[in-house]
Amino acid sequence: MGVFDKAEKKIESAVGKVFARAFKGYVHPVEIVAGIQRELDAEAKLLSRDKRLVPNVFTIGLSRNDYDRLAPYAKTLNAEITPSIRDHAADRHYVFNGPVSIDYTLDESLPTGQFTVASQAVADDSSGRKPDRPGKLVLEVNGVRHPLVAPGILIGRGAEADLRLNDPGVSRRHAMISVTGDPAHPVVTIEDLGSTNGVHVNGNRVNKTRIGEGARIEIGNTRMLIHTPAGV
């Protein structure tokens with residue numbers, strides 16, 4: 001029996017009696033589990049030989065009829081769904097960058113019985129860094145937001161890097177993003193640490209320069225963006 005088969009039986013057993021009437025003919029919890037598992041598989045990004053980073057924040061878009069039936073049960077439903085998502089991730093050596101969160105939104109364009117899954121990898125403070133908040137600059141790399149807080153972020157391919165990139169075009173110690181000054185109005189700079197392929201900001205190769213909102217950074221084959229998220 002595969003992992004999904006186990007998850008399906010577990011979910012059906014746990015929520016079947018509660019949701020059987022409410023979801024007959026509509027989106028079923030098992031379908032949401034399968035949808036999130038597919039999203040994990042599609043968005044998994046290589047961290048190391050045997051680990052892949054996957055999204056941890058999911059937004060399920062639902063039709064009016066499905067939303068009206070799911071919303072009252074969201075807390076109970078998520079309590080049953082989340083362990084199955086974690087089991088799926090553990091089986092495939094996926095790594096979450098923060099706690100798993102599932103939200104439900106209304107999408108009037110969807111017909112009854114269909115849903116969408118949007119995902120995002122959002123870092124928490126388990127690494128000792130502050131989580132990103134509205135109004136705070138972040139460095140976004142492959143969908144993952146890294147808060148720009150003092151003293152900064154060492155970027156490279158080596159084990160000592162704060163932000164490790166599995167990119168053959170990236171040196172072991174490639175670049176340093178430094179954050180100084182008032183936390184409310186930080187001064188952010190990026191410096192090339194003698195890398196082989198250099199650092200490009202907004203299309204121009206630089207040795208050291210100040211960066212801010214909207215700056216586009218290229219290191220090896222990896223693109224990054226400095227921006228202020230509207231919210232998490």
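I call a residue buried under 20% relative accessible area, exposed over 50%, and partly exposed in between (1.4 Å probe, protein chains only). This is a predicted model, so I keep to pLDDT of at least 70 for local features and 80 or more for side-chain atom pairs, while totals for chains, interfaces and linings use all residues. Residues are numbered from 1 along each chain as its sequence is written, and side-chain values use heavy atoms, without hydrogens and water.

Overall look: I find 4 helices and 17 strands in the chain, taken as DSSP runs (helices H or I, at least four residues; strands E, at least two) and numbered from the N terminus. Of the 232 residues in the chain, 41% are buried.

The 15 residues of α2 (29-43) should span 21 Å, and the end C-alpha atoms are 21 Å apart, so the two agree. Among the buried residues of α2 are Pro29, Val33 and Leu40.

Salt bridges: I count a Lys or Arg side-chain nitrogen within 4 Å of an Asp or Glu carboxyl oxygen. The whole structure has 8 of them.

Asp41 pairs with Arg92 at 3.7 Å, N to O. Asp41 sits in α2 and Arg92 in the loop between α4 and β4, 51 residues apart. Asp91 joins both in a network of salt bridges.

Glu160 meets Arg173 at 3.2 Å.

Note on methods:
The expected span of a helix is 1.5 Å times one less than its number of residues.
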